[in-house]
Amino acid sequence: MPAFSCAFPGCRRDLLVIVLVVFVGIGLPIEASAPAYQSHGTEGSYLTNVTNTKKAFPVLAVNYKHVRQPFEIALWILLALLMKLGFHLIPRLSGVVPESCLLIVVGLLVGGLIKVIGEEPPVLDSQLFFLCLLPPIILDAGYFLPIRPFTENVGTILVFAVIGTLWNTFFMGGLLYALCQIESVGLGGVDLLACLLFGSIVSAVDPVAVLAVFEEIHINELVHILVFGESLLNDAVTVVLYNLFEEFAKVGTVTVLDVFLGVVCFFVVSLGGVLVGAIYGFLAAFTSRFTSHTRVIEPLFVFLYSYMAYLSSEMFHLSGIMALIVCGVVMRPYVEANISHKSYTTIKYFLKMWSSVSETLIFIFLGVSTVAGPHAWNWTFVITTVILCLVSRVLGVIGLTFIINKFRIVKLTKKDQFIVAYGGLRGAIAFSLGYLLSNRHQMRNLFLTAIITVIFFTVFVQGMTIRPLVELLAVKKKKESKPSINEEIHTEFLNHLLTGVEGVCGHYGHYHWKEKLNRFNKTYVKRWLIAGENFKEPELIAFYRKMELKQAIMMVESGQLPSALPSTISMQNIQPRAIPRVSKKREEEIRRILRSNLQNNKQKMRSRSYSRHTLFDADEEDNVSEVRLRKTKMEMERRMSHYLTVPANRESPRPGVRRVRFESDNQVFSADSVPTVHFEQPSPPSTPDAVSLEEEVPKRPSLEADIEGPRGNASDNHQGELDYQRLARCLSDPGPNKDKEEDDPFMSC
Amino acid sequence: MGALQSLPDEFEYRDLSEKTGFSFEQIGILHKRFKQLSHNEDTLRRDDLNTIPDLSCNPIRTQIIEAFFDKRNFHQNGEGTVQEISFEEFLVVMSHFRPPALDMTEEQREIIRREKLRFLFNMHDTDNDGTITLEEYRHVVEELLSRSGALGKETAKGIADAAMLEVASISMGHMEPDEFYEGITFEHFLKILKDIEIETRMNIRFLNMDTTNLCK
């Protein structure tokens, strides 16, 4: 029990007290569930009161049965989360031992405790696992799957997932069968099919375990996506093999037809899963097109459609994991273009939250089930299983890499291969599949024990040692790089360049097809699935906006303009023009203008009523905007030189003029309106040689704040106005784009 | 390599192969394509490339075609552009898209990286003064965005300005308010794009045919 035995500071002790109370709390209700004189529900109690002799009216009564199930569930989840909290309070520990190990240990303790109390510890119910605990993790993984590295390496990933798993299964199953034939082991009753079934269960790399461990070691993108992608895609193989061998084991014999059907089944399962996922993904994307008036329920659509995809494919015995992944991947670009920024944040946080809870619960239950489950220990079998797992994985990876490297431009080095092999962890899926084995198999308990041992070995030994090994071998880590607009420009440039050169070569390669897909996507698909005019927006611009928004938010939060490198370079160095310097007096005037405008705006904001359909929180916005104002002023001083002079033929309204002027009140939401300095709406430009960097104000007909009109300013006394426009934009809700706030707090809807 | 030749001439191919690093097989295939594009003539003109249908929807088509006729890409220390190119020059330009071999040392990879980035630099630096000025960069971004809708020059300008600012910040660090940043030199260009791993990304598989795998 490493977690609790050392001396620790007071806060940790308090936490331990809480945890113990929780333990006791679990124990007590289980005891109290013995049938008491309290019946189920108030009607019953009235009846008993009538039929029995009259007792005193129960002022305080305990009716545990009524709330038992939700109570226990909530308690378990609370326990899991408190544990997680506790681990992170001990910095030394979480640096050495991966969280998954600690959670399993906790599960063991809890299981032991329950057993000591005398109750039957709950086992990880397979249905609970597959229907409730696994989907959030997979959805989280699929929705945030990094698409570019995944598609670049999809061939390699598929080879590892399919052929690698098949190799593992047959190698292990075969050798274990051979082992069982040896008389001295005493397992003569195990036939080949049972061994193969066991092999299929234990050979699949588990996404939950991989995620849990790899998240902490920050390995480079390539290896991460290889192992992770493999763990996701091998689900189809596992499903097919498992069902196949179960059927065969029932029947007892295998014919060639059966094998052929098995292969067909594999394709049906995987492609069917993909199809189901894609259908639900497009449905979700299409639905999100119409949610502009009910933003609050947008995240629910994402979650529910994905869950339905999972359940539907499980219904047909297709690969639920693949369906879920494909659904997330398909719907993401379109949904993100349609939903508001708050919904996007909600989706992100809910997914992370659920997957975190699920993961924690899974590991704890693994520990508890170990204590609970029926065990049949056979040294030889179990040890051989563990060894064979390692050996077959290593052999498989080496062999497959040798073949794959012939087809790859970026070859896999030995270090990569080692991490891929070593990172093949087994986890709860294997356990649940083993648990699902019907009791018909006389070796069930033995198999379960072996599976648990393998899981423990991979998670503990491999999980704990992979981090020092990564350091030791100096494997490339993930590059933590800021998004750079230059890199983005050149990435896009490269794509077009390579497509063009492929065209010159006359070769229909990778880039050609990717370009074709993009064009198809843009002309047909996006038109249907994205609301408004947003589908026309190219990636580069979206990226640029995102970056600007991030900068603005960071500026608000941290209080200074974020830059990785302190530099005094501003636009003036790039584009020297006669920029009038702002005098102090002018600065003060501008500040005054800004402040008074903001006050007016705040008053108006407070008078709006709170509605269930908006998440607009007036007070919060005030604080934020106050901070923003301060920061914007600071930033303004830095960016003074951004505002260039304007050709004389512009009208320049006085500072005193405060009218709302909108270029196009009825303009559709178009690619604009983000707090940047550099954008302009695609309305007809007033001057062909406009050099000024200006902003446009989105259409807010009812916004009566004093915003200066968009045109005709770049001289200094309107810098305040410009900045105020930007501020106003922060405060108002620009509309449905991926970096947008919620819609219409100002509009009376 | 006269137009009347129908068989690949091993002797001449050997010369080319040493110069550009392609294998004989690859040279043969590219030669066939060259002949197809140039209508069996010895030299290739801009119009021949303009008629390729696949290039028609490429936003940077002009720049790509120009790159083929840019003497700076012929590795002969030339400057300016030509009106027509021979097969050898075509091959030299193509050789910029070869992937590095697996067994290369770090220095060799660095050389290849510089070469590829030099190619990109030449594409941007149209007036050949050794720097990419703001105007040239703006032009690049405009071309990139030209196919993607009617967002106009202002957006491109904004993006190019921000990009330029970033380069200046990274390369120069500190500048007085009255100093002027001339433009992106080749060294600065290398610096800002060093994370892109260009030697693995700027490749065409077709030109990587050192195995029997041939994707057609």
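Reader: Which residues form one aromatic cluster with Phe34(B)?
Author: Phe34(B) clusters with Phe68(B), Phe87(B) and Phe90(B). Rings of Phe, Tyr and Trp (its six-membered ring) pair if their centres lie within 6.5 Å; planes under 30 degrees apart are stacked, over 60 edge-to-face and the rest tilted. This is a predicted model: local features need pLDDT of at least 70, side-chain atom pairs count only at pLDDT 80 or more, and totals for chains, interfaces and linings use all residues. Residues are numbered from 1 along each chain as its sequence is written, chains are lettered from A and ligands numbered from 1 in the order in which they are written, and side-chain values use heavy atoms, without hydrogens and water.

Reader: How many aromatic pairs over all chains?
Author: The whole structure holds 27. Among them is the tilted pair of Phe34(B) and Phe90(B), 5.3 Å centre to centre with 55 degrees between the planes.

Reader: And Phe68(B) with Phe90(B): what are the distance and the angle between the planes?
Author: Their centres are 5.7 Å apart and the planes 25 degrees, a stacked pair. Phe68(B) lies in helix α4 (residues 61-68) and Phe90(B) in helix α5 of chain B, so this pair ties together parts 22 residues apart in sequence. Helices are DSSP runs (H or I, at least four residues), numbered from the N terminus.

Reader: Is Phe34(B) buried or exposed?
Author: Phe34(B) is buried, at 2% relative accessible area; buried means under 20%, exposed over 50% and partly exposed in between (1.4 Å probe, protein chains only). Phe90(B) is buried at 0%.

Reader: Changing topic, what follows α2(B)?
Author: His39(B) follows, with a positive phi near 55 degrees.

Methods: Helix = DSSP H or I, 4+ residues; strand = E, 2+ residues; numbered from the N terminus.
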